[in-house]
Amino acid sequence: MFIISKKLCLLGEIAVGKTSLVRRYVDRQFSERYLSTIGVKISRQTINLKKIHHYEQSSLQFVIWDIEGQIKFNYLTPNYLQGASAAIAVADITRYSTIERLSEYIQLFLSINPQGKIAIALNKSDLFKQKEATKIIEEVVIKNHPQIMGIYPTSAKTGTNVDEMFKKVGEQLINFDNQCY
Ligand code: GDP
Ligand code: MG
């Protein structure tokens with residue numbers, strides 16, 4: 001058994017659905033209420049990598065860090081981001097300002113983890129027509145940044161694309177590691 005552990009941080013404005021995405025992925029639950037996160041919450045989720053790794057019985061354990069409140073102005077932020085292999089930068093697809101601010105979070109993350117990898121979740125896709133969502137994704141020009149691994153329209157409410165996004169992030173981290181051996 002071969003277990004690789006990777007720290008993953010959630011980034012993004014307040015109420016975009018960071019805590020909801022983790023809750024959907026780890027606990028298979030969703031709540032309409034605002035889920036206040038006290039300080040930093042750390043969750044773990046293991047995925048089987050048999051198919052994507054040359055070791056027979058290998059697993060990837062995500063150690064998922066979710067911080068409360070304003071990440072940008074939080075004294076905990078450097079500790080929060082330190083040592084992360086990847087981040088999921090989350091925006092609320094119904095609030096354009098949260099999409100515009102993604103690049104600030106990405107820069108902050110990369111200033112602490114220059115080799116870090118990033119996925120973007122355009123969350124609350126259940127509230128938006130797919131066609132409009134695609135247009136917004138095209139507007140997120142930062143997708144051309146080499147460290148952005150993908151852009152996923154997600155819904156923590158319905159579960160759409162949530163498992164898929166985490167799985168893709170895991171696969172990409174492992175593939176990247178293999179290139180370095
Ligand atoms: P955070 O501050 O980024 O951690 O945001 P939360 O996870 O606490 O979510 C903020 C609010 O958005 C809560 O009322 C959630 O129920 C709601 N929410 C989160 N994700 C979704 C989603 O995918 N669809 C819908 N419709 N609401 C969502
Ligand atoms: Mg939260």
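Among contacts in the chain between residues at least 6 apart in sequence, 71% join residues at least 24 apart, a contact being heavy atoms within 4.5 Å. This is a predicted model, in which local features need pLDDT of at least 70 and side-chain atom pairs count only at pLDDT 80 or more, while totals for chains, interfaces and linings use all residues. Residues are numbered from 1 along each chain as its sequence is written, chains are lettered from A and ligands numbered from 1 in the order in which they are written, and side-chain values use heavy atoms, with hydrogens and water left out.

Six helices and six strands make up the secondary structure of the chain; helices (H or I, at least four residues) and strands (E, at least two) are DSSP runs, numbered from the N terminus. Read from the N terminus on, the elements go β-α-β-β-α-β-α-α-β-α-β-α. Of the 181 residues in the chain, 50% are buried. Here, buried means under 20% relative accessible area, exposed over 50%, and partly exposed in between (1.4 Å probe, protein chains only). The chain exposes about 9,300 Å², and 51% of that comes from carbon and sulfur atoms; the areas come from the Shrake-Rupley method with a 1.4 Å probe, and for residues only the protein chains shown count as cover.

The six strands form an open sheet with mixed pairing, in the order 2-3-1-4-5-6, where two strands pair if DSSP finds at least two bridges between them. At the edges sit strand 2 (40–48) and strand 6 (148–153), each of which pairs on one side only. From one strand to the next, the twist averages 20°; axes are lines fitted to C-alpha atoms, for helices over the stretch in contact, and angles run from 0 to 180 degrees between N-to-C directions. Strand 2 runs antiparallel to strand 3 (residues 58–67), and nine bridges join the two. Across this pairing, Asn48 stands opposite Ser59 in strand 3. Helix 1 (residues 18–27) packs on the sheet and touches strand 1 (2–11), strand 2, strand 3, strand 4 (86–92) and strand 5 (117–123). The direction of helix 1 makes about 150° with that of strand 3.

Tyr25 and Phe166 are both buried. Phe62 and Phe166 make an edge-to-face pair, since their ring centres are 6.1 Å apart and their planes are at 70°. With Phe62 in strand 3 and Phe166 in helix 6, the pair ties together parts that are 104 residues apart in sequence. Phe62, like Phe166, is buried, and ring pairs link Tyr25, Phe62 and Phe166 into a cluster.

In helix 4 (residues 102–112), the buried residues include Leu102, Tyr105, Ile106, Phe109 and Leu110. They cover an arc of only 130° around the axis, so they fall on the same side of helix 4; the arc is that of the directions from the helix axis to the C-beta atoms. An α-helix has 3.6 residues a turn, so residues three or four places apart point the same way. The face of helix 4 turned away from its buried side carries the exposed residues Gln107 and Ser111. The buried residues of helix 4 pack against strand 1, helix 2 (77–81), strand 4, helix 3, strand 5 and strand 6.

In helix 5 (residues 130–139), Ala133, Ile136 and Ile137 are the buried residues. Their arc around the axis is only 105°, which puts them on the same side of helix 5. They pack against helix 3 (96–100), strand 5 and strand 6. Exposed Lys131, Lys135 and Glu138 sit on the face of helix 5 turned away from its buried side.

Finally, the backbone. Most residues other than glycine have a negative phi. Ala15, in the loop between strand 1 and helix 1, has a positive phi of about 70° although it is not a glycine. Ala15 counts as partly exposed, at 32% relative accessibility. Arg28, in the loop between helix 1 and strand 2, also has a positive phi, near 55°. Arg28 is partly exposed, with a relative accessibility of 47%.

How values were computed:
Rings of Phe, Tyr and Trp (its six-membered ring) pair if their centres lie within 6.5 Å; planes under 30 degrees apart count as stacked, over 60 as edge-to-face and the rest as tilted.
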